[in-house]
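Dear colleague,

I am passing on the structure we talked about, together with some notes on its side chains. Please have it open while you read.

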Amino acid sequence: MPNTELPIDLETQVVLMKKYVNFRQRKKMRDFLGYAGYFRASRYGKYLLTQVNVFGSKADSKVFFALYDFDVQLRLLLFKYCKKAEVRFKSAIANAVSLKTGDAGFYLDKQYYTPTKSEKDKKTRNRNVSFFHTKFFAGLINDEEKLRRDVVKHPELKEYRKGGTRQNNVLPVWAAFSYFEMGTMVMIYSYLRGDLRKEVLDYTYSHNNYKKEVTKQMDTWLDAVRNLRNYCAHHSMVVGMTSSVVIPDNRDSADVLPDNTNLYSRLYALKKILPQEDANMLAIELERLISRAKIDVYKMNILPADWKDLYDRILFL
């Protein structure tokens, strides 16, 4: 495929930024672009153009840099809690399923999975089965083998290599899951047998006898946290983000999730997965961050003005 886009030098990038932001100090913008890059900077500029009604005109550079700084701090805060959610759910799957099955290597045994994901639609079932066999399960086997082989990167796993005391064992979940990516864990949970999906929730959360419907909701909460984590890990802009659909818990009031794809919906998902203490601290730290911000977070529609009230009314799982 031919490439018709040409690279642009730094001075041209500075000029192009005037499409989005009013500024006089070219040097400050030039220095910023030299650090952040035009593509990243232009995304913040484009977001500010959607807020012209707030300012009555294009935003100035002071607002632009304040927005960028707020987004950086917000990303760091959310990443911290995404990692907490990730660690908790990795432990939940590892402990609940290994204890239930008596198998520390259950993730490499097809009997513990449902390739169809119990979907009723024939096309969806076939697509799920095909992905399970050609991509997902083959990927798990490859991931486990790579961990074993990489002596330089993972010397701590030497006992599971040739000559080690456990060379004939697969990596147990408590070892393998600590290295697996969040996306892999989300896929493992989505393909687990229905009884094991429920077991994970019964083991981890305060209520008992979780139903199939809740496991499907959990799929969307996990995916929401996964994509938020990826935004944060790759330094993408979280302000104004739109991503995967979050399905609300039926026990919650309908109004606590006014939009199921925006940034606030990621907070909803985090509260469902995190331990109560961490979920409460997330709200406290986010309030502090907003109070220190040099932009009006609510006026710029970054979060709903009543997000804290909505968040507080989300029921813990």
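The notes below cover aromatic pairs, charges over rings, and cysteines.

This is a predicted model, in which local features need pLDDT of at least 70 and side-chain atom pairs count only at pLDDT 80 or more, while totals for chains, interfaces and linings use all residues. Residues are numbered from 1 along each chain as its sequence is written, and side-chain values use heavy atoms, with hydrogens and water left out.

The structure holds 19 aromatic pairs, where rings of Phe, Tyr and Trp (its six-membered ring) pair if their centres lie within 6.5 Å, and where planes under 30 degrees apart count as stacked, over 60 as edge-to-face and the rest as tilted. One of them joins phenylalanine 32 and tyrosine 68, whose ring centres are 4.9 Å apart with the planes at 85°, so this pair is edge-to-face. Because phenylalanine 32 belongs to helix α2 (residues 26-36) and tyrosine 68 to helix α5 (residues 61-101), the pair ties together parts that are 36 residues apart in sequence; helices here are DSSP runs (H or I, at least four residues), numbered from the N terminus. Phenylalanine 32 is buried, at a relative accessible area of 9%, and tyrosine 68 is buried too, at 7%, where buried means under 20% relative accessible area, exposed over 50% and partly exposed in between (1.4 Å probe, protein chains only).

Phenylalanine 89 and tyrosine 189 also form an edge-to-face pair, with 5.3 Å from centre to centre and 85° between the planes. This pair links distant parts of the chain, since phenylalanine 89 is in helix α5 and tyrosine 189 is in helix α8 (residues 182-191), 100 residues apart. Phenylalanine 89 counts as buried at 3% relative accessibility, as does tyrosine 189 at 0%. The charged end of arginine 197 sits over the ring of tyrosine 189, 4.7 Å from its centre, a charge being over a ring if NZ of Lys or CZ of Arg is within 6 Å of the ring centre and within 35 degrees of the ring normal. Lysine 18, for its part, lies over the face of phenylalanine 23, at 4.1 Å from the ring centre.

Ring pairs also link Phe32, Tyr44, Phe64, Phe65 and Tyr68 into a cluster.

As for the cysteines, a search of the whole structure finds zero disulfides, a disulfide being a pair of cysteine sulfur atoms within 2.5 Å. Cysteine 82 is in no disulfide, and the nearest cysteine sulfur, that of cysteine 232, is 5.1 Å away. Cysteine 82 is buried, with a relative accessible area of 1%, and cysteine 232 is buried at 5%.

Key
Helix = DSSP H or I, 4+ residues; strand = E, 2+ residues; numbered from the N terminus.
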